Structures are given as C-alpha cells and as structure tokens.
Amino acid sequence: MTKIPVVYVKGQYNHLIVRNLKELGVESKLLPPSVSLEQLESMNPDALVMGGGPQSVRSPDHLTGELADAARLIRQVKLPMLCICVTHQLLATAFGGATEAARKPEFGPVEISVIDEGQILEGLGPSFTAWESHNDEVVKPPEGFRVIAKSSSCSVEAMRHEHRDVFGVQFHPEVSHTTKGVDLFKNFLHVVREHQRR
Amino acid sequence: MGKRLSVAVQGFHPSSFLSEETARLRELVQDKKVISAVSGGVDSTVATLVAREALGDRLLPIMIDTGFLRAGEPERVKERLAISPTLLKVRLVHASGRFLASVKDEKTAEEKRKKFRETFYQVLKEEAQKEGCEYILQGTIAPDWIETQGGIKTQHNILEQVGIDPASTYGFKIIEPLAELYKDQVRMLGRHLNLPSELSERQPFPGPGLLVRCIGTVTKEKIRVLKEATRIVETSLAPFNYEQYFAAVIENRFAKDPSLKAISEAASEALGLLKSEVHVEVFEDRVTGVKGDQRCYGLLAGVKLSEESRETYGWLHDRLRQLQTGIVEKFPDITRVALLVKERRGGGPLSTLVRAVSTRDFMTAAVSPVPWKILKDIGQQVLKEDNVSRVYYDITPKPPGTVEFE
C-alpha cells in the first residue's frame with residue numbers, strides 16, 4: 001500500500017487531506033512537522049503532503065514553531081511532495097522565491113485558470129473552481145519552478161519544480177467544495193507511482 | 001439528496017468501524033458505568049448507540065436542558081429517543097437557570113462559549129458523582145477538535161485536545177468514539193445502525209444552542225425572539241434540503257466608522273449600481289469568521305439596496321457573492337455580509353438574520369440560494385414580533401464566515 005503521511009501545521013483542513021488520501025486507498029496519518037528525518041525514513045513513506053496553517057511566512061528569516069520545522073522538511077526530504085496553502089508559500093520562500101501580503105486576499109470560491117495541464121493538473125483545464133482562504137500570496141516563484149495555474153487576483157495559484165516531483169498549490173484541493181480536488185490527488189498519486197518506478 | 005446516499009467509500013466502512021470501536025470500548029470500560037451526554041443530534045445519538053452495542057445497560061444517557069434549546073426540544077428528544085429503533089431511556093437534567101446566570105454578564109463569543117463549557121462540565125460532574133460513573137461519553141467529531149485546537153472557536157465538548165485534563169479538573173474521563181469522523185461519515189454510520197432519516201439526516205444544532213445565535217449580550221427577551229424566529233425559519237426552509245438553516249438575532253447598534261462611506265462605495269461598485277442605491281451599515285457586535293486559517297472575530301456589514309434593486313438582486317445569487325467578496329477582500333476587519341430583506345420603520349431594537357448553507361462536512365460551506373420570495377415571506381412573519389425591525393439574509397460562505405455566528 002502506498003504510504004503518504006500528512007504534515008500537520010495546524011490548519012483546519014489538514015485532517016481532510018488524510019481523509020482524501022485514505023479514500024483513494026493510501027495509508028495516511030497526520031505527522032507533526034517536528035518529526036526527525038530518521039523517524040520519517042523509518043516509516044518508509046512514498047511521498048509527503050504538507051498542509052495549510054494559520055501562520056505567515058512573510059519573514060523567512062524569522063520563522064517560528066511549525067513553519068521552521070516544515071521548512072526544514074521541505075529542504076531535506078527528497079520524496080515527491082505536495083505543499084498546500086501556507087506550505088506552498090513556504091516552499092516558495094524556502095527555495096528563494098517571495099511571499100507577501102495579498103493585494104486581494106481570497107476566501108471561499110475562486111476560479112482557477114490552468115496554464116500548464118500535465119502532472120497534478122491533468123484534466124483540470126482550462127479552468128475549475130477551488131476554495132481558498134489566504135491573506136498572503138506567492139509574488140515571485142523560486143528559480144527552477146514553473147507557474148502552472150493562476151486566478152484573477154493571484155498570479156501563482158500553483159507551481160511545480162522543473163525536474164523534481166515537488167508541487168505547491170495556493171488553493172485547497174482537500175475541501176469538498178473544490179469538486180475537482182480529488183482529481184488533483186489522483187494525479188499526485190500517479191506522479192508518486194511513476195516516481196517509484198524510476 | 002442523492003449525494004447523501006453515497007455508498008461506503010474506501011477508508012471508512014461502518015461495519016468494521018463498529019466492530020473495532022465496540023471492542024475498544026469494552027476493553028477500556030470493563031465493567032464500569034458510563035454517562036452519555038445526548039442532545040438528540042446525530043453525533044451524540046450515534047455515539048450513544050455505538051457505546052450501547054458495547055456496554056448495554058451500563059450506559060446511562062442524560063440530556064441537559066441548558067435553556068438554549070429550541071421550543072419544546074428537550075421533551076421532544078426524550079420522547080423520540082425512547083421509541084424504536086433507538087429505545088434509549090434518556091433522563092432530563094434541568095439546568096437552564098444555571099446556564100443563563102453563567103453567561104448573562106458576557107458579551108464576547110469566546111467568553112460566552114467558555115462559560116457555557118464550564119457550566120456544562122460542572123453539571124456533568126455532579127451527574128457522574130450521583131451515578132458513580134468514571135466515564136462520560138460524548139459525540140465529539142473531527143471538526144470540533146480541529147476548530148478548537150486551531151483557535152477558531154471553543155467547542156463546548158473539547159477539553160483534552162486543548163490541554164485540559166478532565167480527570168484532574170472534573171474527576172471523570174472522556175470517551176469520544178467518533179472523534180476521527182466527519183458529519184457525513186457519522187450519518188453513514190447512523191444509517192448502518194438503522195436510524196430513521198429524521199434522526200440520521202437531522203440538521204446540526206450546536207452544543208451551546210441558541211446561545212451562539214444570540215449575538216452579543218444574552219437576555220431573556222432576545223432568546224424568546226430567537227426561539228420564535230428559529231421556528232419560522234426552520235418551518236419555511238425545511239422543504240429545501242439545505243444541510244443547515246437557522247435564525248440569529250443581533251441588536252441594532254451600529255459602528256460610527258469613517259470608512260463606512262468607502263464600504264458603501266465598494267458595495268455599489270461590486271453590484272454595478274449607483275451609489276445612491278446602496279447603503280451599508282456595520283453592526284457593533286462582532287461575529288466569528290475564519291480567514292487564512294485564523295480566527296477572525298470581525299464585523300458584520302448589513303447592506304441595504306433601494307427597494308427596486310433589492311427585488312432584482314435578491315434573486316441573483318452570483319451577484320450577491322460578488323457583493324460579499326467585493327466588501328470582504330477590501331476591508332480586513334469585515335468578516336460577514338448580510339443583505340437586508342425586509343424592514344419595518346420605527347420598529348423594535350433587534351434584527352434577525354437568516355442563514356442557510358450547503359456542505360458535506362461543515363469544514364467549508366456555501367451559501368444556499370434561498371429563493372427571494374421565501375426570504376420575504378420569512379421577513380413578513382418575523383416582523384410580526386414587536387421587538388424586531390429588520391430581517392437580513394447572510395450571504396457569507398465559510399470561509400470567510402463560519403456556519404454559526406459566534
């Protein structure tokens with residue numbers, strides 16, 4: 001059975017990610033971001049999903065608590081990874097991009113325009129409705145990442161690494177109102193299985 | 001309704017859940033007695049039935065009448081649970097005076113919720129001592145502890161998950177068979193236990209009840225008005241199959257903020273209407289919301305459109321969504337937006353709010369598109385109350401609102 005733990009950064013929807021993965025036949029549970037690399041390796045996971053949370057990553061040098069730990073995981077773990085909401089912003093800053101207060105924060109339903117289908121957004125284009133809840137946003141993706149979706153208020157709704165299986169999404173695929181969210185998780189699982197074959 | 005009759009999905013199987021959970025309960029409780037706190041809602045009813053499978057007569061269901069239940073509810077629930085197929089003998093504990101006294105000097109949502117929780121567990125403690133019970137069983141589900149732990153709102157049934165040890169504080173241990181489940185999974189389990197749909201599909205009602213729909217200070221008169229408005233809204237919206245629908249009450253006291261003009265402008269811009277057709281007022285009492293995974297105890301904007309525009313826009317739910325987004329994205333302190341449905345000039349000091357939402361698991365919620373004519377009918381009926389002068393329709397999804405107001 002595929003094993004994908006979810007890193008719990010205190011967001012309300014983190015537990016829903018576990019639910020989504022279990023419904024897709026994946027073994028999953030919440031992990032604290034303070035988990036050590038050795039502990040993580042001993043669990044023998046196939047990928048990692050990082051949830052959202054209430055914190056802000058605007059000052060990357062002064063990250064506290066869960067986010068400092070989550071940033072460490074993002075840098076050190078070499079598995080396929082999907083980072084959602086605040087950890088999408090953290091992914092950007094951890095690799096040299098920038099996150100700032102959103103000019104127009106987004107809450108509730110938002111229309112997402114797909115720039116680049118393929119991999120996690122396969123079959124979701126040209127656009128779909130996703131639910132969001134964020135005050136900050138990625139304003140500059142890091143080098144080596146490609147922006148794959150945007151909205152009318154936010155220019156980096158989703159991004160992926162050019163060569164590694166690392167993805168960030170600003171919206172919440174795990175909530176039931178994002179009706180195509182389950183397709184995104186299926187696509188991610190496909191990526192994980194391809195990764196295992198390599 | 002079709003989506004509710006979903007087949008068992010991977011990850012949750014009612015029958016295997018039931019056998020694992022009853023085995024765990026037998027092992028944990030051994031030959032001791034357990035008090036079960038029931039409300040008549042699907043969570044506590046299902047939790048109680050799961051426990052009865054394991055414990056039989058050693059399970060003692062009680063229901064606390066907090067005074068914040070709907071008209072006639074304690075008696076109705078007791079009668080309903082006594083008959084087949086539930087056959088639960090529920091003992092009523094009357095404590096409405098104590099609950100009202102504990103919250104009467106509180107204004108803010110969190111203080112009200114914490115006082116309610118304290119009284120709730122004091123009453124349970126006394127009952128547990130009377131019965132010689134070491135354990136209290138409750139119907140906590142996943143969103144309860146997720147929201148309390150995340151600081152969104154204090155749910156009345158959460159202690160351990162926020163670092164309060166019930167054994168040393170109250171002298172009993174807590175059992176929560178459904179703590180990992182969501183509402184739709186609990187309903188699935190309820191159907192598996194042969195609950196009739198009036199119980200398995202019953203709309204949620206919060207533990208603190210009408211207390212969290214009586215925005216700001218609690219008075220007997222506000223609660224009385226709220227009970228009547230609740231009856232009207234529940235009767236009018238029952239045929240529509242929304243997952244949750246209810247009334248709330250708030251005092252007509254408004255903020256005197258200089259940015260009010262800018263809010264009215266943002267509202268008219270979002271709707272493409274002339275400034276003279278849109279008037280926004282902001283209530284003084286705050287309401288609970290959630291923005292960016294953070295609790296936002298913010299302001300409620302009441303939007304009044306000219307009579308003619310109201311008749312048009314009241315039907316256009318996509319435009320109302322733009323109105324709500326247009327205000328909330330520009331003014332960080334505003335959490336929720338409501339549209340005036342009907343008013344009576346020179347009427348009483350209270351406003352009533354109508355809320356209806358569609359949701360699977362209550363983690364996110366969309367505004368249900370209540371037909372404008374139905375809203376006006378509700379307004380007409382509620383305005384017969386002398387103390388109510390306005391009726392609003394809440395047009396805020398979760399996020400940035402929450403389902404309940406406090």
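In chain B, B:Val42, B:Asp43 and B:Val46 of helix α2(B) meet B:Val186, B:Arg187, B:Leu189 and B:Gly190 of helix α8(B). Contact here requires that the C-beta atoms of two residues, placed from the backbone, lie within 7 Å. The residues of this contact comprise 4 nonpolar, 1 polar and 2 charged; Ala, Val, Leu, Ile, Met, Phe, Trp, Tyr, Cys and Pro count as nonpolar, Asp, Glu, Lys and Arg as charged, and the others, Gly among them, as polar. The model is predicted: local features need pLDDT of at least 70 and side-chain atom pairs count only at pLDDT 80 or more, whereas totals for chains, interfaces and linings use all residues. Residues are numbered from 1 along each chain as its sequence is written, with chains lettered from A and ligands numbered from 1 in the order in which they are written.

Helix α2 spans residues 42-55 of chain B and helix α8 spans residues 183-192 of chain B; the two pack at an angle of about 50 degrees with their axes 10 Å apart. Helices (H or I, at least four residues) and strands (E, at least two) are DSSP runs, numbered from the N terminus. Axes are lines fitted to C-alpha atoms, for helices over the stretch in contact, and angles run from 0 to 180 degrees between N-to-C directions. α2(B) and α8(B) are therefore oblique to each other, given that angles under 35 degrees count as roughly parallel, over 145 as roughly antiparallel, 65 to 115 as roughly perpendicular and the rest as oblique.

The crossing of α4(B) and α5(B) is right-handed. On the α4(B) side the contact is made by B:Arg98, B:Phe99, B:Ser102 and B:Val103, and on the α5(B) side by B:Lys112, B:Lys115, B:Phe116, B:Glu118 and B:Thr119. By class, this contact has 3 nonpolar, 2 polar and 4 charged residues.

Chain B is assigned domain 1 (2-203) and domain 2 (214-394), with bounds from an automatic or database domain assignment. The C-alpha centres of the two domains of chain B lie 31 Å apart. Their contact takes 15 residues from domain 1 of chain B and 18 residues from domain 2 of chain B.

Between the chains, 24 residues of chain B are in contact with 26 residues of chain A. Of the elements on the chain B side, α6 (142-149) and β8 (287-291) give two or more residues, and α6(B) gives the most, with 3 residues.

In chain A, an open sheet of 9 strands has the order β2-β1-β3-β4-β9-β8-β7-β5-β6, with mixed pairing; two strands pair if DSSP finds at least two bridges between them. The edge strands of this sheet are β2 (30-31) and β6 (127-140) of chain A. β5(A) and β6(A) pair in the antiparallel sense over 12 bridges, and A:Glu106 stands opposite A:His134 in β6(A). Strand β5 (residues 98-114) of chain A is also joined by 2 bridges to the antiparallel strand β7 (residues 145-150) of chain A.

Technical notes. Left-handed = near helix turned anticlockwise from the far one by under 90°.
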